[in-house]
Amino acid sequence: MAEITKTIKPGGTPGSDCDYTSISAALAANCGLASKDLVSQTTSVTLNCVAGTGVDTSNVNTTGWTCDSTYNLTIRGYDTGKHAGKYDASKYVIRPASGNVVSLDAAYDVVEDLILDLQNTTSYGCGVKIGATSNLTHYVRRCIIRKSGTGANQRGVDAATAGNVVLLEHCVVYGQSGKALTYGALVGQNSCTLRVYNTTLHNCNTGLWAYSGYAHFYNCLGANCATCFSGNGGTNCASTDATATTYKNITPSFADAANEDFHVGTNSWSGTNITTLSPAGVALDIDGQTVTTWLVGADSVPGAAPSGSSYSDSLAESASSSDAQSASVSLSASASEAMSISDALAAVLSALDGLAEPVAASESASASLSVTASAAEDALIADSCSALSGAALSVSEFGSVSDALGWSLAAVATISESHAATDSSSSAAAFLGAVAEASGAGDAAVSSGTSPQESGQREYHAACVVIVNEFMAKAIFAEERRAVAVIH
Amino acid sequence: MAELLLYFKPAEVDPTAPNDPVRRFGDIVHVLPDGSQWGRQECLDDFLVIRVEGLACEEAWQYAGPLLRETLVAGLPGVEIAAPSRYTLDMAALDYDDVALAYVSDWHVPVVSPVEFLAALKDKADGRNN
């Protein structure tokens with residue numbers, strides 16, 4: 001697997017050193033490759049966008065690129081071009097004269113750490129527009145999507161293409177004062193999925209709009225919007241109006257909203273651990289701080305990153321899906337014990353599928369469950385159950401085993417880290433036994449018809465903990481420290 | 001005065017199957033002020049840089065935009081990019097000798113007069129070169 005990196009530096013300053021002066025030129029030139037087919041060339045491409053003397057005035061459009069979950073295209077703010085969580089004209093800014101700022105139309109394409117400035121007057125123009133090709137997955141992470149012009153009916157993110165899955169994570173989407181976005185982000189096609197996690201929306205007519213299709217809004221913060229959430233109030237989302245499901249009529253303490261700084265001084269709204277929801281990459285907030293406690297909004301580690309501690313290149317590297325994929329693939333390849341990692345993955349996924357239904361059943365009945373365990377034990381069980389239940393429900397969305405493996409490890413690592421109960425001496429057989437026991441316990445609990453609340457839930461949840469701990473131990477045992485490090 | 005970055009990979013023999021599914025020979029990809037230093041890969045055989053006399057950058061930017069197409073999905077109006085460059089230059093209409101110099105002289109920038117530029121300029125929106 002080859003990986004190539006190109007440097008983009010706008011402005012054309014004499015004496016500057018770069019491969020291209022705009023992202024569009026790099027894409028037009030196939031980034032120096034023979035074609036735009038990354039799969040057949042078994043190559044991933046990363047475009048590192050560094051600060052120059054001006055902005056990038058051309059549209060970014062990934063149409064024509066053939067990618068998959070392993071060989072994909074990543075466009076990112078890098079080094080001097082990477083913003084610090086707020087608009088900064090000295091960083092890499094994409095500001096085309098017309099049309100959509102970014103059009104994502106290649107599988108698993110990634111845009112991260114960039115400022116997308118919608119300053120033109122194109123009606124219905126978008127910060128990020130999902131292209132016309134069906135059934136693709138796209139990632140937008142830690143981007144600042146800003147409307148600074150007077151165009152009508154403009155949107156931050158527009159996802160309305162059949163079968164597409166769009167993940168918007170830790171972004172800030174807003175209109176400047178007097179220049180409200182019509183929609184911060186919308187999903188508008190029956191079979192399109194928009195996942196918005198830890199994103200702050202400010203000054204939009206409608207912040208997040210689930211018009212049709214599938215909307216999954218977690219930990220989002222809507223502020224100063226005529227309607228913060230429409231069609232879906234999200235999970236653990238907050239709004240300055242009453243449209244969020246969880247935290248209504250809140251008053252966020254933005255650092256300086258008038259000057260486009262949406263860092264928060266304090267944040268008391270607990271959120272969901274998004275690493276357990278889907279392949280969300282590593283957990284870095286809008287300014288690159290590692291998230292350990294999940295709160296609402298893009299600045300989920302409140303406050304600006306301390307000077308000199310913005311996230312390192314190693315973390316930036318791990319943020320790219322291509323690297324995560326690489327780690328996952330190598331994990332599969334080096335399993336040399338009696339049970340391969342891919343077998344382990346299959347066993348885990350099978351167990352998770354088996355767990356989904358009874359876990360859901362027992363969870364639905366949990367309100368009436370009388371428990372005698374300690375509060376700490378209950379919390380541990382509930383966390384694990386919630387994460388694994390979400391995992392099982394998401395498994396069908398993965399396009400490949402490596403994709404699923406990468407994500408499963410992330411989920412497992414998160415849970416394992418929380419409970420710190422790995423056993424490095426665990427054997428493959430013990431692991432398989434735990435998986436089988438977990439499945440059997442759940443099935444028995446459900447089929448007994450006696451009291452799944454009492455006899456099933458606790459066994460099930462305990463088994464979940466066993467599974468994740470054993471799986472984590474297996475991952476370490478298979479000397480995949482690099483993979484685990486990447487995931488962490 | 002503006003310098004234009006032109007996509008300069010000729011189409012294959014079959015014009016319906018060009019090398020690039022989205023770009024056309026002569027597409028205006030990007031604009032910078034004259035004298036700018038272009039990227040080290042923004043050169044032949046991928047690109048040609050030309051300088052247009054009397055053309056301001058602010059005016060040139062309008063030629064570097066995409067061709068847009070209105071859409072209506074599930075009742076929602078929108079806009080998408082039909083082609084990444086709306087405007088293209090008919091290279092046959094330019095001074096061939098000056099363009100040819102770019103092949104033998106590193107970083108030679110052909111200079112095009114405003115009349116020559118407008119004569120070579122094609123708008124894909126009119127359907128003639130799309």
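Which residue caps the N-terminal end of H2(B)?

Analyst: The residue is B:Asp95, which caps the N-terminal end of H2(B) with a side-chain oxygen that lies 3.0 Å from the backbone nitrogen of B:Asp97. That distance falls under the definition of a polar contact, a pair of N or O atoms within 3.5 Å; within protein, one must be able to donate a hydrogen and the other to accept it, and residues adjacent in sequence count only if both atoms are side-chain atoms.

The model is predicted: local features need pLDDT of at least 70, side-chain atom pairs count only at pLDDT 80 or more, and totals for chains, interfaces and linings use all residues. Residues are numbered from 1 along each chain as its sequence is written, chains are lettered from A and ligands numbered from 1 in the order in which they are written, and side-chain values use heavy atoms, with hydrogens and water left out.

Helix H2 of chain B spans residues 96-104, and its buried residues are B:Asp98, B:Val99 and B:Ala102. Buried means under 20% relative accessible area, exposed over 50%, and partly exposed in between (1.4 Å probe, protein chains only). An α-helix has 3.6 residues a turn, so residues three or four places apart point the same way. On the other side of H2(B), B:Tyr96, B:Asp97, B:Tyr103 and B:Val104 are exposed.

Helices (H or I, at least four residues) and strands (E, at least two) are DSSP runs, numbered from the N terminus. Of the 130 residues in chain B, 48% are buried. Among its contacts between residues at least 6 apart in sequence, 67% join residues at least 24 apart.

A salt bridge is a side-chain nitrogen of Lys or Arg within 4 Å of a carboxyl oxygen of Asp or Glu, and the structure holds 17 of them over all chains. B:Asp46 forms one with B:Lys9, the closest N and O atoms being 3.3 Å apart. B:Asp46 lies in the loop between S2 and S3 of chain B and B:Lys9 in the loop between strand S1 (2-7) and S2, so the pair ties together parts that are 37 residues apart in sequence. B:Asp46 counts as buried, at 14% relative accessibility.

B:Arg40 forms a salt bridge with A:Asp17 (2.1 Å, N to O). B:Arg40 lies in the loop between strand S2 (28-33) and strand S3 (47-52) of chain B, and A:Asp17 in the loop between strand S1 (2-8) and helix H1 (23-28) of chain A, so this pair joins two chains. B:Arg40 is partly exposed, with a relative accessible area of 41%, whereas A:Asp17 is exposed at 54%.

Notes
Contact means heavy atoms within 4.5 Å.
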